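Could you walk me through this structure while I have it open in my viewer? I would like to know what to select next and what is there.

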Amino acid sequence: MPQRILVVDDERTIRELVCEVLADEGYEVIGASNGAEALSALEQNAPFSLVVLDMWMPVMNGWQFAAEIAERGISVPIVVMTAAREARHRAEEIGAIGYIGKPFDVDQFIESVETAIRSSGPALENGASFSDVTRPISKLIFAPLRHLALGTFAPRSGGAY
Amino acid sequence: MNAETLLSTVTHAAILFIFAAVLLEAVRAPRRLAYDAVLFFAAMTGIITVTALTRLRLIEPGQTGLLSSVLLLLLPYLQLRMVDDFAGVPRRIQALAAGVAFGSVLSLYLVERPFSAAYILAVIGGFVAVQGYCTVVLVRAVRSSVGVTRGRTQALALGSAMLVTVIVVAGLQVFLPEFRPALRGMSSVASLTCGVGYFIGFTPPRWLRRLWQAPAIRAFLSMAARLPADATPAQLADQLERAVTEAVGARRSYILVWDEDERRLTALNRAHASGPQATRHNSTLPTRVFREQRALAVDNAPRMDPGNADLYQGAGALSLLIAPITLGDQRFGVLVASNDRPSNFAADDLALIELLADEIAGLLRRHQLTDAAAHVRAQAEATQLKDEFLSAAAHDLRTPLTVILAQAQLLSRRLHRGGAATEDLLGGIDRLVQEAQRMRRLTDDVLDASRSEATGFVAEVAPADLVAIAYDVAGSVTSERHQVLVEGAEAWALVDGDRIRQVMQNLVDNAVKFSPAGGTISICCERAGDEAMFSVKDHGIGIPPWDLPHLFQRFYRGGRSGERGFSGMGIGLFLCKRIVEEHGGTITVDSVYGQGTRFLVTLAGATAEQGRTNATAHSGR
């Protein structure tokens, strides 16, 4: 069964292109145009191995999405895909496993995705991943902190990007 | 010595003093007014001398009486000449006065003695008429003058009036012998007042001059204090010129400022298109004053500077007062006050003009400073606008650029995979990819350059091989006319590799851009001591010397970049410098205009061992 990847970006052309690139590499890809769509996709479909997440989106941005899945106890590795100069910083902010700066080189993009999936471990038999095991602990410790930080510092949607 | 003798002694002393003073003045600054004053006071001095000699019995009273009478009868005419210098007297009246004077003198010899009462009355009448006319003209001149001139003219009018009184009283002595003692006392007082009046009019003490000047200066200063700080040069000039005109009682005033570009004086108030301010070449009187930095009073400008006579005449400027507007060693220009008649007391007016010119220098300096501050502020605002615009533009460009780059690379991968790739198809896509990558670098640069100063560039430093970076950068050059050579084996530096790649890439892109004819570009990497360095050298058009000092300024594109047909945003080198300096390194340039340029970047070195350990540790990533 192929690995499933959720691509979240409000720019249709980018989203479709990323989907095509990943599909060429043999992944099963689903696109979402904002955090809210991504959230429902996560809840309705079989587990995803990875979320490729744009940060600046209308309706629900990357920060809100990250906070929301933490809230709902959904554990899925995230690779942040945003403006080159800030990608790394954004990834750290939401505890993402990796980052890709836009505009990216396709080779590097694929490599980053593969690295992220490898390091997050294979999906477990019952549909849960390794991180599912650690989730309660991390949630216990980090969720309140993250909530606090996000509530204070996270930019709202509709920024200059 | 009785009171009468004392009074006459004081009067005589005053007259003698004035005579000496006007004589000195006439020698020092020969002008018609000075000559006429000398004649007038020579006559008065003559009368005093003759009287004194008679009293000492050195001369027979009979002869002296005639001589002093002659001199006395000439006084009104001489006074009229002076008044003419002052305020102008119609020719007819001058001729009439001369006739009266010479007729009176002549009659002294022709008319039989003893003189009849009618004759004496006639002579006194002639005297009083002319001298009275002078007094009236002087009083009228008082009304139209200001400052020192006004004060001095008032004194002269008083002197003149008192001279009339003296003669009238003398006549009364003839007709009213019974009142002689009282009239003699009156005559003495009138003579003294006359002497003092002339004394003050011709040789006023310094404190009195200051007193007369004070209101004009005060008025000027209070006007200057009310000038709005944001006044335009024309408004400033207009106000100041009006105040100067008022203060010195000139017809017009001009502030001329030195234009360094055109090397000539031009009116600060551009409304003046002609006149002494329109210094169309470098030989006018104002220019002379500016060059010599010494104030100048000119009675007759057209005569003194015949080459520009039409210029002065056109503006109705006969006399000029010119003073340099200078503060310390900063020479702004000159202040010119022009009039349609010569200044009566040029030295005083010139002193005032100099004072006002000094004040104006201070004002101009202040306005220059506020101008400079406004300029800096406007520039900062413009830069910020540029930043915001560029940043927004770069952000907007990113999405289409992401699509173009990724799409091109996806196509390339699919072609390779499908085995349907042809050489030219792949080459074309490669070109697309490389140009999109170049565009990515440019937008990244723009975003970097528009970031605030506080945000650092360097993420974290680690050993990186400059040679490896150099090969990477060399590989990005797509130009077929250029060849990029990398020299050096290993050269490890302790840097943020991505940022140093950005620096090198910028320098190489520049080298390509500024060697339009093509040629070799060499990147030379080296390790020496604690340092690692690389240089980027081209054989292009080089950088003109005047651009060199500004090269690393943001948005600086070179004075003639437009002409050469090179475009650019002027941020590449600015970024290079900031990145290198944040690393604690240096970047220098060395260029021969027309032959080529070499940039040298020096950074902290690392050892090859550090480098390899680091590389192994990160190879898993």
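## A tour of chain B

Welcome! Start by selecting B:I429, which you will find in helix 14 of chain B, the run of residues 423–449. Keep in mind as you go that this is a predicted model.

Is B:I429 buried or exposed? Its relative accessible area is 10%, and because that is under the 20% cut-off, B:I429 counts as buried. Now show what surrounds this residue: leaving aside neighbours within four places in sequence, B:I429 is in contact with B:A408, B:L411, B:S412 and B:L415.

**Next stop: helix 9.** Select residues 233–248 of chain B, a helix of 16 residues. From first C-alpha to last it reaches 22 Å, close to the 22 Å expected at 1.5 Å a residue. Colour its buried residues, among them B:L236, B:A237, B:L240 and B:V244. Which elements do the buried residues of helix 9 pack against? They meet helix 8 (206–226), strand 1 (252–259), strand 5 (330–339) and helix 13 (346–418), again in chain B.

**Into the largest nonpolar core.** This core holds 51 residues, and those touching the most other members are B:F40, B:F41, B:M44, B:L75, B:L163, B:Y198 and B:F202. Helices 1 to 7 of chain B each give two or more residues to this core. Helix 3 provides the largest share, with 11 residues. Zoom in on B:F41: beyond residues up to four places away in sequence, B:F41 touches B:I15, B:I18, B:F19, B:V22, B:Y198 and B:F202. Another core, of 46 residues, lies apart from this one; to find it, select B:A464, B:V473, B:V503 and B:V601, which are among its members.

**Last stop: the surface.** Switch to a surface view and select B:L121, B:V168, B:L172, B:V174, B:F175, B:L176 and B:F179, which together make a nonpolar patch of about 560 Å². Which helix gives the largest share of the patch? That is helix 6 of chain B, with 4 residues. B:F179 sits in the loop between helix 6 and helix 7. With a relative accessibility of 47%, B:F179 counts as partly exposed.

How values were computed: Residues numbered from 1 in each chain as written. Chains lettered and ligands numbered in written order. Predicted model: local features only at pLDDT ≥ 70, side-chain atom pairs only at ≥ 80, totals over all residues. Heavy atoms only, no water. Core = buried A, V, L, I, M, F, W, Y, C linked by side-chain atoms within 4.5 Å. Buried < 20%, exposed > 50% of the residue type's maximum accessible area, 1.4 Å probe, protein only. Contact = heavy atoms within 4.5 Å. Expected span 1.5 Å × (residues − 1). Patch = residues over 30% accessible without salt bridge, like charges linked within 9 Å, V, L, I, M, F, W, Y side chains within 5 Å. Areas by Shrake-Rupley, 256 points an atom, 1.4 Å probe, with all protein chains shown as cover. Salt bridge = Lys/Arg side-chain N within 4 Å of Asp/Glu carboxyl O.
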